[in-house]
Every structure is written in structure tokens, then in C-alpha cells.
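This report goes through selected local features of one structure.

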Amino acid sequence: VQADGTDGNCVTFVLHDEDHTLGNSLRYMVMKNPDVEFCGYCITHPSESKINFRIQTRGGLPAVEPFRKGLNDLMGVCQHVLNTFEVRLLPEELSGL
Amino acid sequence: PLAAAMAAKRGTDEMRDRVVLGEFGVRNVHTTDFPGNYPGYEDAWDRRRFEEAFRVDIIREEEGALEFDMVGIDAAIANAFRRILLAEVPTMAVEKVFVYNNTSIVQDEILAHRLGLIPIRADPRLFEYRNQGDEEGTEIDTLQFQLKIKCSRNPQAAKESSDPNELYFNHKVYSKHMTWVPLGNQTDLFPDADFRPVHDDILIALLRPGQEIDVLMHCVKGIGKDHAKFSPVATASYRLLPDITLLQPIEDEAAEMLQKCFSPGVIEIQNIKGKKVARVANARLDTFSREVFRHEGLKNLVRLARVRNHYIFSVESTGILPPDVLVSEAIKILMGKCQRFLNELDSVPME
């Protein structure tokens, strides 16, 4: 992870060894944050596996915060999906779907 | 004014929840429900609202295939699961083939390629990844298999027969001829394990008398991104739930024509007061061939759409791991990715 930007409100993170799998889902979670003015990601070159992930916030919020919140939210979503999925698997086996 | 406001709300609702298939293109493809886009809608991320609206339904679970519905998540996350199922869930597959003797017609490299593609029944969670540059392989990251087979002539075959099954022994090399050779203390680590290819009847090569194959294979753990042989699914795909609305009542001949335009079972014809009236019975079965748009009389009476956040997943496994385990592993891998970046954020000080 590298970050560079102008004044802490707009930061471009370079995430290595990542592609659309994490990029698009993380972009969705960060966009859902009302403090974020702009969020986008791009793959600089298809031969290199890294993405540029840019966040701009409104107000004086440092851009690292929505990034961290987005990651935490995505973890929460995955955890909930996993729990729901595993719960749905159990009764099916018992009742023979 | 109230009717106009209601119509406007219906229009924005449609834009938010449905992907509409028009005659010449698809509209409302992108997710637009981000905070600030729609006045009056609460779009910021609310975990509780998500958890209330989200549900998973298992539709069909067979031996190697699983069909389930995920309702209430966005395309970005559903696609992330699909991509991980295809390319990032690890499995074990043959990587290095040490050829001691190969006098068959099949070239060494072709034989090695075919051996690599055979799915191996070994739980990849019991093994580690091999370290970079490690040529030998240790017990914790390698499985060794041996394939040693020689074709010979059958002395008891009838003089006139031309059936190779009668004339020769061992002329077809199947995957069942691969035997596991335990390395080091693997017999102690895996006392009950029986590592072998998933299917016994995969034809690897054909031989004739005098030809033999003697190879030793190393299986390692890898992911589909590296080579497609490591992909644990035959395929994993999803589609969105179809939503067919009849904008006006359709009767008689038009109803019959409408039924033919869709997949069987989607439209059913009911007899109401002597007239045949069409009704959408089960939109889920439709494959959306858009045949309706070819009929001038029908194309404006039907609205074809898809529900934006209802995903019908279909996962078929190659047999290494059952499909429900594969989905759980894929979700855990996405969590692992997020955790990796959270750890980096916490450890590297940001200027």
C-alpha cells in the first residue's frame, strides 16, 4: 500500500496484487459513505497486477478514514453473508431438501 | 399532482431496483443508489438495514452442483465472490512431472499437461503453499504420485481378433493407475487419507505392446489465477432474477403467441369468463431470448427487466471439495484480503 496526494483529503492508494475482485467491491462500500465526494479505482496496466484506488472526501476528513471504514464494512458484509449461508445449509441437511 | 408524484416515484424506484431490457439495449445497468443521488432516499451504508434485507436461499443441492439465491447485495460483491470461486480458491494439482521412461506415442510435455489437468481428491486446507524456489518439496506442501504402466501382448488372444481390448494388456492408461507415494511422515500425518484422482476413468494415454510410461508427479497447492488447472469449480456463474410485467391484459391469440415467446412454464394461460388470458406464472425460468420484441403487436405490452439485487448463483464443483465448502472458502478469502489491508494500514504510519 502506498499513498500520495495533496492535502490528506484526496489520496490515491496503490494496492499491489489486487484486481477488480477487491477493487470494485471496496469501491462500492466506500461510495456508500456519505462523507466521500469521489471514489474510484483503475487498473493502470493489465499486465501489472495493481490498482490505483482514489478517495476524495468533503469537509476536512482525512481520506484514510473512509478507506478503513470501507474495509471494515466489507469485512462485516462478508461475515454476515458467511453466517447466513452456513445457517441455511444446516436445516437443509436435516430436513432433506 | 399526487398521481404524477406517485408515477415519478415509481419511475425512480424502477431505476433503482430494476435493470430494464429494451428492444435495442439494456437500461439502468449501473448501481446508482449512493448517498446524495436521490433526495428523500436514505442510501448511506447502514449495516442493520443490510442485514435485515439480506437473505440466502438454497434452491437445489446435488452431489457436485449447488444452486442458491443471494438477495440484497450489490453486483460488485456478488461478482467478487464469483471471481474468487473461479480463480482464487486453492486446490492441489500436479505441477512437476519427473519422467523416468516414456516410450509411448504421447510426447512428454503433452503427457505432463494432461496429468496437470486431472483433479486430485486432496483437501487443500491440509497443505501449505510451496516456498518460492524450493525444487524438492517437503511433506507439508507436496503430494507425490506415481504412474508406472507397461503394455504387453496377450498370448491367449484369438488369432483373428482385432479388438485391442482382447489383444493387449494395459493398453489404456487411466487415472486409476496413478498411485500415491507418501513422502516422509505423510503416513503419520494423514493416516486415513486416500489421495487419488477424483475420477478413476480419465483416459490419459494409449499404449501398444512394448511401450511403457514411468513417471513421478509432484502435486502442489495453487490458485486458478496462476493456472486454470487449479480452479476448483467446473464453472461458477450467476444470473439476475428475471421480472416480466404485462403492461396491459393480453387475450386470446395474442396470449398464445406470448406464451410461445418465452421459455416453457413462464407464461400460463387461464380461462377467465370464456376468454384466454395470459398471466406470468414463473418468471424465474425464463432465459430472456427477447423473442417478444420481434412481434410488433406484443413488444409494447410487456416490460422485461431483471431485479438488480437478486442473484441466482450456480456453482458446479470438479469434485475436490463440495460446492458449499467452496462458497464458504471464497467468502473467507475475501475477508482475508480486507484483513490484509487493514493490517497494513495499522502497521505502516501514514504521513
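Over the ring of which residue does the charged end of B:Arg340 sit? The ring is that of B:Phe341, and the charged end of B:Arg340 is 4.9 Å from its centre. The model is a predicted one, and the values below are computed from it.

**Charges over rings**

A lysine in chain B is placed in a like manner: B:Lys221 lies over the face of B:Tyr129. The table sets out both cases.

| Charged residue | Ring | Distance to ring centre |
|---|---|---|
| B:Lys221 | B:Tyr129 | 4.8 Å |
| B:Arg340 | B:Phe341 | 4.9 Å |

**Aromatic pairs**

Over all chains, the structure holds 13 aromatic pairs. One of them is formed by A:Phe53 and A:Phe67, whose ring centres are 5.8 Å apart. The angle between the two planes is 50 degrees, and the pair is tilted. A:Phe53 lies in strand 4 of chain A and A:Phe67 in helix 2 (residues 64-95) of chain A, so the pair ties together parts that are 14 residues apart in sequence.

The cut-off for buried is under 20% relative accessible area.

Elsewhere, one aromatic cluster takes in residues from chain A and chain B: A:Phe85, B:Phe68, B:Tyr238, B:Tyr311 and B:Phe313.

**A strand pairing in chain A**

Strand 4 of chain A, which holds A:Phe53, covers residues 50-57. Strand 4 runs antiparallel to strand 3 (residues 36-43) of chain A, and seven bridges join the two. Which residue of strand 4 is the bridge partner of A:Phe38? The partner is A:Gln56.

**The largest pocket**

The largest pocket has a volume of about 500 Å³. Its lining is made up of 22 residues, and those nearest the centre are A:Tyr28, A:Lys32, B:Asp33, B:Gly72 and B:Asn309.

**Backbone details in chain B**

For B:Asp252, phi is about 50 degrees. B:Asp252 is located in helix 7 (residues 252-261) of chain B and is partly exposed, with a relative accessible area of 36%. For B:Arg290, phi is near 55 degrees. B:Arg290 belongs to the loop between strand 17 (275-280) and strand 18 of chain B; with a relative accessible area of 27%, B:Arg290 is also partly exposed.

Finally, a contrast between sequence and space: B:Leu21 and B:Arg306 are 285 residues apart in sequence, yet 7.8 Å separates them in space, C-alpha to C-alpha. B:Leu21 is part of strand 1 (residues 18-21) of chain B. B:Leu21 counts as buried because its relative accessibility is 10%.

Definitions and conventions: Residues are numbered from 1 along each chain as its sequence is written. Chains are lettered from A and ligands numbered from 1 in the order in which they are written. This is a predicted model: local features need pLDDT of at least 70, side-chain atom pairs count only at pLDDT 80 or more; totals for chains, interfaces and linings use all residues. Side-chain values use heavy atoms; hydrogens and water are left out. Two strands pair if DSSP finds at least two bridges between them. Helices (H or I, at least four residues) and strands (E, at least two) are DSSP runs, numbered from the N terminus. On a 1 Å grid over the protein atoms alone, a cavity is a set of points where a 1.4 Å probe fits but cannot get out, and a pocket is an open set with protein on both sides within 12 Å along at least five of seven lines; lining residues have an atom within 4 Å of a point. Grid points are joined across faces, edges and corners, and a volume is the space filled by probe spheres set on the points. Rings of Phe, Tyr and Trp (its six-membered ring) pair if their centres lie within 6.5 Å; planes under 30 degrees apart count as stacked, over 60 as edge-to-face and the rest as tilted. A charge sits over a ring if NZ of Lys or CZ of Arg is within 6 Å of the ring centre and within 35 degrees of the ring normal. Buried means under 20% relative accessible area, exposed over 50%, partly exposed in between (1.4 Å probe, protein chains only).
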